[in-house]
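Hi,

Here is the structure you asked for. Have a look, then read my notes below.

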Amino acid sequence: MKKSTVKHLAGALVTILLFVGIMSYMMQLVSRKDSYHKYQPFYDSQLNIDVLFLGSSHVRYSVYPVELLQDYGITAYNFGGHSNRMATSYWMMVNAFDYTNPKLVVIDCFMLSENTKFREDNNGYSYLHDAVDHIPFSVNKVKMIWDLLESSNRKWEYLWSFSQFHNRWNQLEQNDFEPTVTATEGASFYYEVYTPHDLDVVTERKGIQNTVSVDYLCRIIEECQKQDIEVLLTYLPFPATEKYWDEAYTAGKIAEKYGVPYINYLEEDVVDYATDCKDNNHLNYSGGQKITKHLGTYIAEHYHLPDRRKEADEDVLAAKYQAYMDYKRDMLQAQDELECYLVGLSDDRFSFVLEVEDSAYIKKTKYKMLLQNLGIDQDAIAEEGATIVCVSGETQEAVYYYGALNEKMRRKLDISDIEQKEKENLLIRFTVTDNQSGERIDEVSFVKCGTVEANRIE
Amino acid sequence: MLFNSAQFLLFFPIVVLIYYIVPKKVRYIWLLIASYYFYMCWSVKYVLLLLFSTGVTYLSGILLEKIKQSKIKKNKKIRLKKLCVAGSFGLNLGVLVYFKYFDFIIDNLYSVLEAVGIVIVQPQFNIILPVGISFYTFQALSYTMDVYRNDIYAEKNFLKYALFVSFFPQLVAGPIERSKNLLKQLGKGNQFDFEMAWDGFLLMLWGFFMKIVIADRIAIFVDRVYGDYHTYGGWYLIVATMLFAVQIYCDFYGYSTIARGASKILGIELMENFNAPYFAQSVAEFWRKWHISLSSWFRDYLYFPLGGNRKGTLRKYLNLMIVFLVSGLWHGASWSFVVWGGLNGIYQVFAYVLRPVRDKLVKVFCLDREALSHKLFHIIGTFLLVDFTWIFFRASSLKEAVGIVRSMFAVHNPQILLDDSLYHCGLDRKNFDVMLFAIVVLVVADICKTRGIKIREIIRRQEWWFRYLFVALSAAFILLLGIWGAGYDATSFIYFQF
């Protein structure tokens, strides 16, 4: 080969390498970080992930893997995603198997009656990006895209997301240059409260017709059984209408057919819809805490999973828990509405002191229920005047004091004095502490605004 | 397939690779296959039209050659040759008229009948215009004329001739090549020339920059404003019209440049189709620098046969008007295109008529025609005149064009140039800034062109690390800043409708 030809070929190669290098950086920079944020810790995990939670946003907002690890030694990851149909969950599982060897796959069966592989509207395509973009390029990813987007001409934007996101160049933020990852192992929290009215009372149980989602649920179970992976089906609770009771019934029949265990939470008494719902479809943080505890206890009792706390590096674990607590603290501090704040306190990792200035007001309003949810006895709150309640996160026991606290008591309870500006219209004041570290998480006062709502003041 | 599509980015490297692998003698056959595949991606059935045009003009060339070499009398020869040319033109233009102008003719016929009180239910034909028909028809007809005029010998190899008509880089939107230039290059089967390929690649990059960074970005703004000109009156329309001048330039020039670049990589030189047209100092000069292949086609095959400027002044003006009216019609089957063409013709006629007046004014006021200020005045003046005609080109009908002109002058809102109003017409501030920056780059490039500075040559002379980094960065930024992909609707080249 001539020298000049070699030179030219080398030059072309250098140019291509430079181009690939620059493009790799650009692709990373402009991609939306939601998927990376939620799923990257899965790929970075130093421990084997023993439990995969699959499903829709019901799973995303109801199962908290870090707490499963901390309380039960179970390593888990939350693959629940907005509007994830069973087909999407199937392929997420298949791709996850390339990176971990789970012992158990827990699949929530909400939307079993959906007859599409994914939600085929603008939001659905966006949610699919959340579910897909984090997955490194592989044969399984190509199979996933080709199957899910079978009749769509939008396959390429999922195989090469730069084609979709390159126009984000004018929306770049710090998070794009220094992307952060979730501290919650894929879970998310809702703090809003919604109390459903007129819950459907469904007595007749009937199944649904065979759908694409039913097919893929069967494929999930069969794939797991082929690989000797245990399967647990769930139907997480929410104020379900008749259609969803039918779905839950069908899920039970499928579980029976394959001989796998099934927990139909619609029939269990784990959550309280009066306090644990974010809307008529999702649980809030309080509901999620209860579900997580229930699932954790169930899995610990029924499956012989290794206790990964013993083999994990202590410093790594400590950092993980601290990051998780920091996240929860930030989320709590961001709640400006009292009811959301009360939901945020439904966490046995927090101890708190409540100074209820207007007990009569509290007893007349919706906050009464939420306080009850925190283990505070309504009868123990004074009819009038101030009530001080100290709740220990670990034991969930409440101690009550009445009237204004003197300086000595404040020192004993380690709570600061109420400033003059806070006293006006003060409804309730919180001092929140981390159980484990004893660190002060938050101090906040809520005042009455109008007749119904209360707001945070700094 | 569009040049700015994943399909083409896959198609072209494969074509190039196989082109240089197959033996030289059959390379043109591979290009022919690739060209027909390229066209069939648009429409399989309209390939038959391409074949028809190719066949008719090929046969016309063979016939003309036979007549030339025959022993019949000169007068009869001339008559037969003219008959042959007429046949070729008649058949090809007949097809073009049918597909491009039939609906237009019927619509106008029915309008005339209605105007005189004859009401007939108008049938809807909705004839679909085959992509590129205007371009390849003119290219094929130019071959007939070139053989007729003895500028070239008739091509005997049908496959090579078919490639001349269908050569994919310039098939659907030009440049309209002359047989003298292109035919001889096609059968050669060139050796791979790295320098030529490198130059071709740079041309393609520049073409993509103009198309997807500039033209398609401006299109967002122009489409918004022109699409709702009742709301966006006054200076919105003025800005949009000025930007449209850049859009159509970059869209068309971009395509031609990609075509030239792709051809160069294959070792084939196509003609330059634009030569910094907005730096022209008169409308006549503008038309010597804009869509050069079409302008020269009309000059050689319509203006000169009509007599050009050899039959007196009035006849010259008439010939000019005919050429520009036909050119307008060539661009589209709509009265707005005819008006567009007509205006360009009128400008030039007036320029000729007023030349003595201008010369007098220069003398009386002691103006220096070589002064930069004088040239700048003419450049800006020419741009404004040409830009006004673009309104008729862009509007979807004559009525709309008139409405736009009215709306432009009915509203007085220069404040939009100073506040944030322009950032709410489809392009946010950052995109608008990128557009302006890209236009500055374009202007600098065109200034270099007018001064004979060859930017590609300058890049070629730099250190190897700079050259490779420049290309890698340029390609990456074009992909980053370009308007393409799932985030946008695919924006086709403007000239594909012709």
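Helices (H or I, at least four residues) and strands (E, at least two) are DSSP runs, numbered from the N terminus. Chain B has 19 helices and zero strands.

Some ground rules. This is a predicted model: local features need pLDDT of at least 70, side-chain atom pairs count only at pLDDT 80 or more, and totals for chains, interfaces and linings use all residues. Residues are numbered from 1 along each chain as its sequence is written, chains are lettered from A and ligands numbered from 1 in written order, and side-chain values use heavy atoms, without hydrogens and water.

**Chain B**

The C-alpha atoms of chain B fill a box of roughly 75 × 70 × 60 Å along the principal axes. Its radius of gyration (over C-alpha atoms) is 24 Å. A compact globule of 498 residues would have one near 23 Å, so the value agrees. That rule is 2.2 Å times the number of residues to the power 0.38.

Of the 498 residues, 55% count as buried. Buried means under 20% relative accessible area (1.4 Å probe, protein chains only). Take contacts (heavy atoms within 4.5 Å) between residues at least 6 apart in sequence: 76% join residues at least 24 apart.

**Helix H5 of chain A**

Is H5(A), residues 86-96, mostly covered or mostly open? Mostly covered: eleven of its eleven residues are buried. Among them are Tyr90(A), Trp91(A) and Asn95(A). The buried residues pack against several elements of chain A, including helix H2 (34-44), strand S1 (51-54) and helix H11 (212-226).

Best wishes

How values were computed: Buried < 20%, exposed > 50% of the residue type's maximum accessible area, 1.4 Å probe, protein only.
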